[in-house]
Structures are given as C-alpha cells and as structure tokens.
Amino acid sequence: EQERDEMAQVLAGRPVWLAAMVQVDELPTAMAAYREVARMALRLLMIVVPDDETDGPEFLDQLSENGLQVAVWSEGEMPDENTQVLLADTWGEMGLWYRLAPVTFMGSSLVAGYGGRDPYEPAALGSAILYGPNVGRYLTAYSRFATAGAARIVKDSESLASALQQCLSPDQAALMATAGWTVASEG
C-alpha cells in the first residue's frame, strides 16, 4: 500500500496505461499506439510488463532503439517527468500496476499462440480492459466483460490507440472499471 501511495504521488496528474503480460512480438504494436496517443495526451506514461521477465533486456533494447525515455523498475528507477515508459520487469507486482493504471491492455492476446491472460485480475483491481483477438483460454470471461462494457477488443496499433484515447478519459475509464468490478464480483 505504501508503494502504491508513493507511485500515485509520482504519477499524479499524468495519464497512465498498462501494457500487461506483453510478448516481445507485441511490443511494436504497443509502442506505435503509445506514440499515437502521446500526441494528444501530454505526459502520457506507458507501464510495460513483459509476460516473461527474462525478456526485460530485449524490451529495453526495443524501447530505447525507438527513442523512448525508459525507467527500469528492476534497477530501482522511478519515472520522472521525462519518462515515457516504465519497464516493470519484475514478478509479483501486477496488483500495483493494475491499481495505478486506469486502463490495461492485456497482452499475449494480439499474436496467436499465447491464449491471452486472465481478465479478472485487472477488473477486480479497478482497471478498464483492452485485449486482442487471441484469448482462447479466457474467451468466456472476456465475452462477459465485453458484454458488460468493461472490456474492448483491439486488433492492431490503430485500434489500440483509438481505444486508449477513448478509455483514458476519466469518466470512460471509471464506467468501464465499475462494470468490470461488478462482473468480477459476480464471477
């Protein structure tokens, strides 16, 4: 709780979204969406959590090669005013990220072969959900959240950017998060 409070103070007033459980081959899509949304959302911060923490160095290379200012969580770095991406490359802190980000893109869902990740976690912790079309393992759950207005499907960087622009609006994020919490509580 103390860490969440500290991070909330650091991020105060900044639009924040989480790209959770992302595969290496999904990162270019997330970066392209970030760049598009950052044109309209000043000081936008993307928190990126690799699906496999050992991919952290490869994520850092891709982010840096694309000219993004990155803070690396495993190195004890905190985001500052110039940080565009927080690379959260450690295990055990997903609850912190879900609670800080009003919108979460659930990775492992844009590219076939990964099956998606459980949408109940971000929903239960108050984050609106965006997801790709490859969520076979959790299709029933995603369908419930989408029907309730708590989740939206995206298929590429353009649709992800469009969904982020809409969902980062505080009133829209709150509506989706409330709907998500309701489904998660009932489920």
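Student: Which strands does helix α3 (residues 56-65) lie across, and at what angle does helix α3 run to β4?

Tutor: In this predicted model, helix α3 lies across β1 (16-22), β2, β3 and β4. Its direction makes about 165 degrees with that of β4. The angle is taken between N-to-C directions on a scale from 0 to 180 degrees.

Student: Which helix packs on the sheet, touching β5, β6 and β7?

Tutor: Helix α8 (residues 170-186) does, touching β5 (103-106), β6 (128-131) and β7. Contact requires heavy atoms within 4.5 Å. The direction of α8 makes about 90 degrees with that of β6.

Student: In what order do the strands of the open sheet stand, and what is their pairing?

Tutor: The 7 strands have the order β3-β4-β2-β1-β5-β6-β7, and the pairing is parallel.

Student: What makes β3 and β7 edge strands?

Tutor: β3 (70-72) and β7 (151-153) each pair on one side only.

Student: Why is β1 called mostly covered?

Tutor: A residue is buried under 20% relative accessible area, and 7 of the 7 residues of β1 are buried.

Student: Through which helix does the chain cross from β1 to β2, and what is the hand of the crossover?

Tutor: The chain passes through helix α2 (residues 27-38), and this β-α-β crossover is right-handed. The term applies because, with the strands pointing away from the viewer, the path from the first strand over the helix to the second runs clockwise.

Student: Why is the contact of Arg117 and Asp51 called a salt bridge?

Tutor: The limit is 4 Å from a side-chain nitrogen of Lys or Arg to a carboxyl oxygen of Asp or Glu. For Arg117 and Asp51 the N to O distance is 2.8 Å, so the pair qualifies. Arg117 is in the loop between β5 and α5 (120-124) and Asp51 in the loop between β2 and α3, 66 residues apart.

Student: Are Arg117 and Asp51 buried or exposed?

Tutor: Arg117 has 15% relative accessibility, and Asp51 has 15% as well. Buried means under 20%, so Arg117 counts as buried, and so does Asp51.

Student: How do you know that Glu36 forms a salt bridge with Arg39?

Tutor: Their closest N and O atoms are 2.9 Å apart, against the limit of 4 Å. Glu36, at 32%, is partly exposed, whereas Arg39, at 64%, is exposed, since exposed means over 50%.

Student: What links Glu1, Arg4, Asp5 and Arg99?

Tutor: A network of salt bridges links these residues. Arg4 and Glu1 meet at 3.6 Å, N to O, and the limit is 4 Å. Arg4 is partly exposed at 21%; Glu1 is exposed at 59%.

Student: How many salt bridges does the count come to by this rule?

Tutor: The count is 6.

Definitions and conventions. Residues numbered from 1 in each chain as written. Predicted model: local features only at pLDDT ≥ 70, side-chain atom pairs only at ≥ 80, totals over all residues. Heavy atoms only, no water. Pairing = 2+ DSSP bridges. Helix = DSSP H or I, 4+ residues; strand = E, 2+ residues; numbered from the N terminus. Buried < 20%, exposed > 50% of the residue type's maximum accessible area, 1.4 Å probe, protein only.
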